[in-house]
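Here's a quick briefing to read with the model open beside you. We'll go through a sheet, a pair of helices and the nonpolar cores.

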Amino acid sequence: MILKSKCLPMKYFSLLIFTNFLVIGFSQQAPTKEGFQNIVKAEQKANALKLNASAQIFIDDYDVIYHRCEWQVDPAVYYIQGKVTTYLSPLVLDFQNIRFNLSNVLHVDSVEYRGTKVGFTHLLDELTIPIQNTIQIGEMDSVSVYYQGAPPKTGFGSFDANMHAGIPVLWTLSEPYGGSDWWPCKDGLIDKADSIEILIKTPAMYRAASNGVLMDETLEGNFKIYHWKHRYPIATYLICMAVTNYIQYSHFVPYENTNTEVLNYIYPEDSASAASQTPWIIPVMQLYDTLFGVYPFADEKYGHCQFGWGGGMEHQTFTFVGAFYFELLAHELAHHWFGDKITCGSWQDVWLNEGFATYLSGLSYERILPQWWRQFKAGRIEDVISEPGGSVWCDDTTQVGRIFNGRLSYSKGALILHQLRWIIGDSAFFKAVHNYVNDPSLVYGFARTGDLIEHFESTSGRPLDWYFDDWFTGQGYPIYQLQWSQNGTIVNIQINQNQSHPSVPYFELPIPIQFKNQNRDTIIRLENMFSGQNYSLEIPFKVDTVVIDPDLWLIQKNDVITTVSETELKDLVSIAPNPVHDLLQIRFAKTFQSIQFKLIDDTGKEILNQKTTPSSFLEINVKEFNTGIYFLHFNIEGQTGIIRFIKE
């Protein structure tokens, strides 16, 4: 979509100031808790049968400019009464119907268009409002919807209520398709409102949280009205509300000329515990500011709002959290660059949100609490390799569990970023990510995986389609076997690979290999292009241990086979001459009953594979062989080893 300005144009302000928030003007009064017990029971049955129909209804014929949402809620009553005024602009000729996604469980009392009540239809979770006037492409118009009801619960609980310490609490969590469960909106990942204004009327004992900046709170009898404004583009699923008896406190994050407020709305009984943990957000935000640019909503706020769900949800400028541990806070803050500032353009690409946020929480360990960095990587690798298949690309966006699959969208999504960092190097990796999240064509809009790939290719100067074919759309991971032997300062290695899933014929990766003994070690990067590839390396010390990927850069399983060293193998077999021109002589220490050997060239091609009769001497004519390095792989009565020779 074409990006819009983050503020409503000045010529429209005069239209907005006369849109009064008068809850008593709604067509019906909000019912009491007791009065709706039977309705809620009936609607629970409807919810059990409800599918995410809104996920299948795409409204793409107009552009949302602005929402003014006026809601009346009581956290002790599972109910919402509201008026939502939407300003919009047509994207097509002959625009005749304004449509919203809205659950049929909710009741639409009336619709106002240009000051007059108008007709509408509300079927199959879609509210359709025919209009008589002709609106041209680029013109702006508005409509107000009055509605009420007990919303259904889909996804992770799009509208929910519970208790904490005996006090009612209400919250929303619309991701991925739940916005239309509780308000009339344009659901989906195709449009962002330029700005929103939210007014929440609730009993005066409670505080109400939402996006942006709290402009004022007004006492009205036994109620309070909390007036929030947010002046940045925002996806529907990131618009939020939470209400209970919050206490509040703030942190302030200094960064160059910016001083960003972190506002905390916390349950009173958890305030001491939270206040000891939320300060971690300060160094994390400073880290992200340094790597990716200043917090995207720095002139408004960031915040944590406690709610009754186990994890967290990155509602724009006000993250809802159920706990306050370091990794959760780092993950949800990361979403404000990766998910909020730039939002995945399809749930197929949800890893652009969740993979990045997961990796950045790990990166926060690396840079701030390094003692937890290795544990983070090891845990994510174990998660990914716990099953043989599964793609980061989400192949079924109708299932919430598949979209937010922890093993694939989160762990593997994070690790394919980490692995790519190893492949192209830190400089190119971080430059690409910075350029992506600050791309003028993407900021405050939507992106697909192809947009990210373009930045990685541009900064690294190399094509990466092979990588994303294997790791984004492909499934599984490599399983390595390594054989090695040492002769003096020469270490000979063969790397073999199996794949956990047949969708990828071979994972072509640079593999870090560590060679070490008690006193020394070195890590060498080996470009591995095929199974059975051989390497001959100069290692200036006696090696007793070989480790694949010691620093956990790769998604892989390995079964390292430490062969008999060539010093020990020489007690069994020797070759001469080396280099050789025509006849290679192989002498065994005695007549062995079982001898098997393979002759492999330096491309991995198998030249010979032979099992001999009991013998103490063999001869191989290599006269017609190409010049180069060759490897003899022996299995002598169960003892294995590799001897390298050179053909002149």
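In what order do the five strands of the open sheet come? The order is β18-β19-β20-β22-β21, with mixed pairing (strands pair if DSSP finds at least two bridges between them). This is a predicted model, where local features need pLDDT of at least 70 and side-chain atom pairs count only at pLDDT 80 or more, while totals for chains, interfaces and linings use all residues. Residues are numbered from 1 along each chain as its sequence is written, and side-chain values use heavy atoms, leaving out hydrogens and water. Helices (H or I, at least four residues) and strands (E, at least two) are DSSP runs, numbered from the N terminus.

- Strands β19 (residues 258-266) and β20 (residues 302-306) run parallel, joined by four bridges.
- Across from L263 you'll find G303 in β20.

**Helix α11**
- The twelve residues of α11 should span 16 Å at 1.5 Å a residue, and the end C-alpha atoms are 17 Å apart, which agrees (the expected span is 1.5 Å times one less than the number of residues).
- T449, L452, I453, H455 and F456 are buried in α11 (buried means under 20% relative accessible area, exposed over 50%, partly exposed in between, with a 1.4 Å probe and protein chains only).
- Those buried residues fall within an arc of 160 degrees seen down the axis, so they line one face of α11 (the arc is that of the directions from the helix axis to the C-beta atoms).
- E454 and S458 are exposed on the face of α11 turned away from its buried side.

**Helix α12**
- In α12 (residues 465-473), the buried residues are Y467, F468, D470, W471 and F472.
- They fall within an arc of 165 degrees seen down the axis of α12, so they line one face of the helix.

**Nonpolar cores**
- The largest nonpolar core has 165 residues, and F456 is among those with the most contacts inside it (a core is a set of buried Ala, Val, Leu, Ile, Met, Phe, Trp, Tyr and Cys residues joined through side-chain atoms within 4.5 Å).
- Leaving aside neighbours within four places in sequence, the contacts of F456 include L417, F429 and F468 (contact means heavy atoms within 4.5 Å).
- A second, separate core of 20 residues includes L584 and F645.
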